[in-house]
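Here's a quick briefing to read alongside the model. Have the sequence and the 3D view open, and follow along by residue number.

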Amino acid sequence: MARRLRFNGTGSGEGGCPSVHEDLDSGEVIVHGPPLTDPEEIAQLQRLSEGEVAIVVPRDLLTDWAPKDRTRKARTIGLEEFSDLFGKFEHTAWRLETRSRYASDEATDTYRQFVETGRVDWTFDHPYCKTIREQTDLGKRVERVRIVDQPPTTGQLYLLDNAKRNSGMGEDIRNLWRADADRLRLPAEDFWLFDSRLVALLRFDDDDQLTHVDLITEPAEVVRCSMIRDAAWHYAVPWEEFTAGM
């Protein structure tokens with residue numbers, strides 16, 4: 001079975017080489033870069049086995065992008081503490097949504113209304129709505145990119161309609177087709193990025209229920225998520241334009 005590799009980062013400003021990848025299952029690190037080719041230099045290497053190739057990478061590449069531990073240091077929090085984060089960020093809150101289904105949506109009256117009628121009479125009485133409106137009224141930015149399958153699932157169509165409410169609270173909602181997200185090699189991860197310094201990685205069970213959140217402040221991981229944000233935001237389409245083109 002092929003490894004599941006994640007791109008961590010590169011030490012190159014242009015060519016993308018050398019770079020560091022990480023095996024999501026084993027935690028092993030894969031580094032690629034220009035090979036060491038000088039015979040005199042190769043002769044100085046010890047324990048270089050047949051089939052192995054020596055490569056040359058800047059020291060900073062490993063310092064910046066190689067994981068510091070086998071498991072990333074994260075603080076696990078419950079959903080109540082997670083909700084509190086939306087009242088505490090200082091400048092920006094950015095979300096990547098990649099899942100085809102969110103079980104919590106399906107338990108709501110608005111979801112049942114959407115399934116039955118194809119539309120929802122959205123209100124703003126939810127505590128999240130109050131919090132976000134307060135934050136955006138202060139000039140803070142709340143943005144998200146939602147990945148959409150083709151054809152969209154019922155849950156994704158529901159969220160496209162939900163964008164009306166989110167936009168009314170001051171959020172900037174954009175969408176990206178799954179094929180385009182795959183072309184950009186965006187990861188199948190759901191996370192919030194607060195103030196470009198704190199990653200809240202959302203954890204789901206096999207029934208698509210959000211169970212807990214891992215808070216990550218490791219600099220390399222925060223930078224990686226910021227790179228994902230920049231790529232997704234650049235190519236994503238504002239929800240009204242996206243919906244009109246469906």
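Let's begin with helix α9 (residues 219–235), which lies across β5 (92–97), β6, β7, β8 (191–194), β9 (198–204), β10 (210–216) and β11. Against β8 the helix runs at about 105 degrees, where axes are lines fitted to C-alpha atoms (for helices over the stretch in contact) and angles run from 0 to 180 degrees between N-to-C directions. Keep in mind that this is a predicted model: local features need pLDDT of at least 70, side-chain atom pairs count only at pLDDT 80 or more, and totals for chains, interfaces and linings use all residues. Residues are numbered from 1 along each chain as its sequence is written, and side-chain values use heavy atoms, with hydrogens and water left out.

**The chain as a whole**

- The secondary structure comes to 10 helices and 11 strands; these are DSSP runs numbered from the N terminus, helices being H or I with at least four residues and strands E with at least two.
- Along its principal axes, the C-alpha trace spans about 75 × 35 × 35 Å.
- Of the 246 residues, 42% count as buried (buried means under 20% relative accessible area, exposed over 50%, partly exposed in between, with a 1.4 Å probe and protein chains only).
- The accessible surface comes to about 14400 Å², and 49% of that belongs to carbon and sulfur atoms; the areas come from the Shrake-Rupley method with a 1.4 Å probe, and for residues only the protein chains shown count as cover.
- Take the contacts between residues at least 6 apart in sequence: 67% of them join residues at least 24 apart, with contact meaning heavy atoms within 4.5 Å.

**The 8-strand sheet**

- An open sheet of 8 strands has the order β4-β10-β9-β8-β5-β6-β7-β11, with mixed pairing; two strands pair if DSSP finds at least two bridges between them.
- Its edge strands are β4 (75–77) and β11 (237–238), and each of them pairs on one side only.
- β6 (residues 141–148) and β7 (residues 172–177) run parallel and are joined by 6 bridges.
- Across that pairing, I147 stands opposite L176 in β7.
- β8 and β9 pair in the antiparallel sense over 4 bridges, and L193 stands opposite V199 in β9.
- The hairpin of β8 and β9 has 3 residues between the strands, and D195 takes a positive phi near 55 degrees.
- β9 and β10 run antiparallel too, with 6 bridges joining them, and L202 faces V213 in β10 as its opposite number.
- Why does β9 count as largely enclosed by the rest of the structure? Because 5 of its 7 residues are buried.

**The 3-strand sheet**

- Another open sheet has 3 strands in the order β1-β2-β3, with antiparallel pairing.
- The edge strands here are β1 (5–10) and β3 (29–32), each pairing on one side only, and the twist averages 25 degrees from one strand to the next.
- β2 (residues 19–23) is joined to β3 by 4 bridges, and the bridge partner of V20 in β3 is V31.

**Rings and charges**

- The count comes to 12 aromatic pairs; rings of Phe, Tyr and Trp (its six-membered ring) pair if their centres lie within 6.5 Å, with planes under 30 degrees apart counting as stacked, over 60 as edge-to-face and the rest as tilted.
- F86 and Y128 are an edge-to-face pair, 5.5 Å centre to centre with 80 degrees between the planes.
- The pair links distant parts of the chain: F86 is in the loop between α3 (79–84) and β5, Y128 is in helix α6 (residues 127–137), and they are 42 residues apart.
- F86 is buried at a relative accessible area of 5%, and Y128 is buried at 18%.
- F114 and Y158 also pair edge-to-face, at 5.9 Å centre to centre and 70 degrees between the planes.
- This pair spans 44 residues, from F114 in helix α5 (residues 109–117) to Y158 in helix α7 (residues 154–168), and both residues are buried.
- Ring pairs link F82, F86, F89, Y128, W192 and F194 into a cluster.
- The charged end of R99 sits over the ring of F204, 4.1 Å from its centre; the rule asks for NZ of Lys or CZ of Arg within 6 Å of the ring centre and within 35 degrees of the ring normal.
- R133 lies over the face of F124, at 4.7 Å from the ring centre.
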